[in-house]
Amino acid sequence: MPLASAAFALANQEGCMLDQPNQPSLLDIRGVCRSFPKGSGEELLVLEKVDLTLRSGEIVGLLGRSGSGKSTLLRIIAGLVAPSSGDAKCRGEAIKGPPNGVAMVFQSFALFPWLTVLQNVELGLEALGIDSAERRKRALAAIDLIGLDGFESAYPKELSGGMRQRVGFARALVVHPDLLLMDEPFSALDVLTAETLRTDLIDLWIEGRLPIKSVLMVTHNIEEAVLMCDRILVFSSNPGRVAAEIKVDLPHPRNRLDPMFRQLVDSIYARMTQRPEPKTPALEGIPGSGVGMILNHVSSNVLSGLIETLAGPPYNGHADLPVLAGHLQLEADEIFHLGEALQLLRFAQLSEGDLMLSDAGKRFAHLETDARKRLFAEHLVNYVPVMGLIRRVLDERPSHSAPAARFRNELEDYMSEDYADETLKTIVSWGRYAELFAYDEQSELFSLENPH
Amino acid sequence: MNLQDIRTPALGQVLRPNVWDVVALVLIIGTMVALVYGGEQTTLPLSTLDVNPVSLDPANLPLYALRTTMRMLLAIACSIVFTFIYAALAAKSRRAEIVLIPLLDILQSVPILGFLTFTVVFFLNLFPGKVLGAELACVFAIFTSQAWNMTFSMYQSMRNVPKDLEEASQSFHLTGWQRFWRLDVPFAMPGLIWNTMMSMSGGWFFVVASEAITVGNTTVTLPGIGSYVALAIQEKNLTAIGYAILAMLLVIIAYDQLLFRPVVAWADKFRFEQTASASAPTSWMLDLFRRTRALRALTYPFTALNRAVSNLHIGFPRLAAASKGGSERQSRVIDAVWLATILAGTGYAAWKSYQYLSATLDLSDVVTTIGYGFITLARVAVLIALATLIWVPIGVWIGLRPKLAERIQPLAQFLAAFPANLAFPVFVVIIVRFGLSPNIWLSPLMILGTQWYILFNVIAGASAFPTDLREAAGSFHLKGWRWWVKVVLPGIFPYYITGAITASGGSWNASIVAEVASWGDTHLTATGLGAYIAKATEAGDFPRVVLGIAIMCVLVTLFNRLLWRPLYAFGERRLRLG
Ligand SMILES: Nc1ncnc2c1ncn2[C@@H]1O[C@H](COP(=O)(O)OP(=O)(O)OP(=O)(O)O)[C@@H](O)[C@H]1O
Ligand SMILES: [Mg+2]
């Protein structure tokens with residue numbers, strides 16, 4: 001549809017023209033902090049003094065571990081969450097409620113299942129009060145641009161995941177926003193679909209056919225960030241802060257196999273593993289490795305499997321993380337969780353983007369099931385403080401049982417309710433595997449007796 | 001209280017009755033007292049209402065059926081409007097929610113037929129000497145049987161709107177009004193339609209029961225199937241009752257085919273699922289509409305109206321409290337004032353009610369009424385147990401045979417909708433003929449119409465039972481009682497509970513018409529709370545009606561909170577498959 005493309009090209013041209021060094025920035029975030037109430041009533045600091053400036057004509061990626069507050073920052077920019085302190089300005093105006101000229105693409109697509117593709121795309125225009133003829137024209141143009149031709153009257157549930165996210169893009173683009181926000185837009189899609197959508201989007205962007213000036217995207221896929229972004233901000237966790245800013249100068253279209261590309265990916269991996277941030281906020285003298293340690297739920301089966309993989313060829317106890325992630329088809333974030341769990345249990349060590357089995361890890365790989373459980377139990381009690389604590393409490397109490405609430409409360413002194421849940425889930429699953437204690441879901445009771 | 005939605009506890013997971021329930025209960029009783037008090041002062045000779053006597057000529061039946069149906073439709077329209085307003089208020093305003101939701105919860109447990117006493121007096125006084133008052137009273141009675149569970153369903157949907165859609169509508173600058181019509185209402189639609197359908201099913205019972213009612217020296221007889229049957233009972237005309245049953249059957253079939261099936265099939269698009277399901281509901285009527293251009297054209301004005309209305313740029317006033325600095329203190333002050341107002345109102349209502357009731361009643365009345373309450377409670381419990389023993393095995397047997405289930409299921413749903421009170425006379429004739437004890441033999445009438453809820457829910461549960469689990473059980477040679485206890489019963493438990501909750505609620509309600517029955521001049525009475533309320537109503541003894549209703553409310557609420565809800569929660573938590 002030439003008409004639509006012309007309109008979009010115009011919008012973008014305008015964006016390029018504005019892209020002068022001295023023009024006001026599109027987005028200006030200064031010293032933004034945000035905290036949420038924790039289970040125990042105190043505040044959990046999620047974002048600390050974040051600065052971010054966005055200018056026209058760039059794609060910026062926010063990269064960071066799970067829970068580092070990327071989505072929170074994006075929500076602040078989208079006007080869905082207010083900052084606790086600091087300044088957030090969009091086009092020179094303080095952000096209060098969703099700002100004009102900002103549109104969002106959701107990880108879960110967030111399409112209205114009772115509206116057709118066309119109606120979904122028209123939704124944002126209706127809210128702007130645009131009359132129906134103009135609305136229809138613009139919606140059709142966006143649908144056409146994003147490759148949804150012929151699906152106008154389909155309902156979202158009739159579409160594949162990739163097509164649904166295209167609707168998500170069309171819906172955001174149709175309002176001709178200056179800034180497009182995307183929260184992990186590809187992570188709910190399968191590998192091939194995600195790649196097609198990424199390249200399609202980048203192609204439209206470099207051809208100047210997208211009616212937007214700038215893109216801010218959240219991801220925890222390192223390669224995705226390097227593939228798409230002009231600038232990558234790496235977030236550290238607890239609290240979330242901008243730990244590093246990386247410029248990506250590679251020309252589009254970028255090739256994943258290009259040595260420069262690989263080098264950049266490797267260096268980001270190294271940066272993200274180099275200094276594993278303490279996962280607990282350092283509250284008055286409590287070390288990051290105490291009872292308040294956040295345990296990400298990783299199944300003991302997966303851990304055993306990973307140890308075996310590492311012990312066997314071609315790794316023989318030593319693996320490069322990006323290679324391992326590629327081999328196991330895991331996201332960077334997932335492989336970090338696994339590596340950290342192994343490191344915590346002293347079965348392996350993480351450094352400089354590498355994962356190395358320890359002696360105990362090598363021993364574990366060659367043991368029988370029961371012996372593995374004993375070794376696992378030993379390491380749990382020795383190296384995971386909360387496990388030791390639970391075991392001690394159970395031993396001391398005459399009834400040899402304790403309600404989960406007893407430990408949950410203690411955990412919530414250090415972390416949010418979500419993380420306390422996750423940690424408790426991990427504790428139960430590891431403890432059961434190691435036969436350290438029994439747990440009854442019904443009564444939410446830890447006990448020493450075996451359920452037989 | 002026929003079809004209550006007590007499945008998901010409101011306001012957190014509080015299972016025991018809390019202070020808000022007490023507040024709500026007191027407020028409702030207080031309102032009843034106020035209505036009656038006002039009514040009593042101005043009791044007028046209302047004989048004018050007997051101007052158009054009902055005749056037993058079957059030729060009049062179609063007209064009567066039409067009028068009954070019209071009342072029904074009017075009531076459902078009122079229920080829908082009420083639902084939208086009440087649910088939206090409760091879901092959007094925290095302060096309103098504190099009062100509205102417990103109120104709704106208690107209203108669900110109020111026996112509607114007892115309620116009728118007050119509403120008839122109230123509406124008749126509103127339009128003295130006019131049929132309109134009586135009509136409104138009847139419509140109001142049906143409304144009270146339908147609205148609560150619909151409102152609950154809508155409220156719960158609105159509170160559970162997916163967060164991403166909420167953020168999307170916010171981020172695309174939808175106004176509060178647009179959001180309500182584009183997000184809240186469509187999202188609530190499937191639950192609302194299901195509940196409306198259940199309400200309609202329950203409603204037939206009440207429309208029939210409330211067309212001919214005697215309150216003190218006032219007798220209201222509105223032309224309709226219900227009053228036709230009442231007259232037939234008076235004149236001991238069994239053939240006429242047969243005609244009425246036939247007419248009702250036809251009406252229910254027509255309403256199902258012409259109204260509900262099309263609506264359900266149409267509403268399938270609102271189901272919040274990201275995948276298309278294999279078997280979408282179908283309706284020949286809807287297909288007809290979709291294929292026929294002329295009929296389609298009929299819907300265009302509605303579509304356009306819907307679009308225009310839902311696109312209006314109306315901002316809702318921000319009802320939710322602001323959460324920042326100074327305004328937070330302000331908001332807390334308003335909270336305190338609000339709470340104080342509620343408590344003062346409750347205290348006043350409690351005092352007034354006490355005053356009103358204590359003028360004629362003393363403690364011994366309360367004790368005897370509670371005694372009656374327990375007799376009826378025992379009846380309900382025994383009947384539910386019996387119905388369970390009978391219908392669970394049959395339901396499982398049917399549900400595991402898909403072909404059969406497909407044919408039986410609509411029949412069971414149909415039987416649940418059929419107003420069982422039309423069939424009461426048939427049973428009463430038998431009891432009279434054989435001189436059976438009314439205390440025992442009137443009881444089954446209470447569950448006559450509501451047992452089907454157990455049946456069709458069990459069939460649904462058994463049909464949904466995963467084949468692989470059945471095959472696994474087979475390959476482990478699980479048979480006999482083990483198969484029942486370990487495999488099937490846990491699998492259907494959540495469905496059974498849903499059915500049993502509905503059946504028990506309906507039985508309480510039915511007790512008011514089932515514990516007293518007559519055939520010509522013969523009057524049968526079973527001892528119980530239902531009979532107590534019915535007799536007090538007939539005698540126009542309002543304090544006793546209030547007392548009876550209050551006791552029934554308390555018993556039903558306790559029964560729900562202490563038995564059904566925990567069981568439902570248990571089923572949902574532990575036994576829900578998939
Ligand atoms: N509304 C909220 N209330 C309480 N805590 C919240 C809320 N929103 C986010 N958090 C907490 O803030 C932290 C950061 O969350 P956020 O979603 O921003 O992380 P993220 O970097 O996007 O992680 P992911 O990669 O998993 O999406 C988490 O600990 C989360 O539990
Ligand atoms: Mg996120």
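Being three residues apart in helix α4 of chain A, A:Glu134 and A:Lys137 are separated by about one helical turn; helices here are DSSP runs of H or I with at least four residues, strands are runs of E with at least two, and both are numbered from the N terminus. The two side chains form a salt bridge whose closest N and O atoms are 3.6 Å apart, a salt bridge being a side-chain nitrogen of Lys or Arg within 4 Å of a carboxyl oxygen of Asp or Glu. A:Glu134 is partly exposed at a relative accessible area of 28%, and A:Lys137 is likewise partly exposed at 43%. In these terms, buried means under 20% relative accessible area, exposed means over 50%, and partly exposed lies in between, with a 1.4 Å probe and protein chains only.

This is a predicted model, in which local features need pLDDT of at least 70 and side-chain atom pairs count only at pLDDT 80 or more, while totals for chains, interfaces and linings use all residues. Residues are numbered from 1 along each chain as its sequence is written, chains are lettered from A and ligands numbered from 1 in the order in which they are written, and side-chain values use heavy atoms, with hydrogens and water left out.

Over all chains, the count comes to 43 salt bridges. One of them joins A:Arg231 to A:Glu58, with the closest N and O atoms 2.8 Å apart. A:Arg231 lies in strand β9 (residues 231-236) and A:Glu58 in the loop between β2 (43-54) and β3 (59-64) of chain A, so this pair ties together parts that are 173 residues apart in sequence. A:Arg231 is buried, with a relative accessible area of 6%, and A:Glu58 is buried at 11%.

Another salt bridge links A:Lys213 with A:Asp178 at 3.5 Å between the closest N and O atoms. A:Lys213 lies in the loop between α6 (191-206) and β8 (214-219) of chain A, and A:Asp178 in the loop between α5 and β7 (179-183), so the pair ties together parts that are 35 residues apart in sequence. Both A:Lys213 and A:Asp178 are buried. Elsewhere, salt bridges that share partners join A:Glu195, A:Arg198, A:Glu223, A:Glu224, A:Arg256 and A:Arg262 into one network.

The text now turns to the two chains together. Their contact (heavy atoms within 4.5 Å) takes 32 residues from chain A and 32 residues from chain B. The area buried between chain A and chain B is about 2800 Å², of which carbon and sulfur atoms give 54%; buried area is the accessible area (1.4 Å probe) that two parts lose on being put together, summed over both. Two salt bridges are found across this interface, and B:Arg182 and A:Glu126 meet in a salt bridge at 2.8 Å, N to O. The elements of chain A that give two or more residues to the side touching chain B are β6 (102-105), α3 (117-128), α4 (132-145) and α5 (161-173). Of these, α3(A) gives the most, with five residues.

Ligand 1 has 15 residues around it, of which A:Ser66, A:Gly67, A:Ser71, A:Thr72 and A:Tyr419 come nearest; a residue counts as near if one of its heavy atoms lies within 4 Å. An oxygen atom of ligand 1 is 2.6 Å from an N or O atom in the side chain of A:Ser71. For the side chain of A:His220, the corresponding distance from an oxygen atom of ligand 1 is 3.3 Å.

Methods
A polar contact is a pair of N or O atoms within 3.5 Å; within protein, one must be able to donate a hydrogen and the other to accept it, and residues adjacent in sequence count only if both atoms are side-chain atoms.
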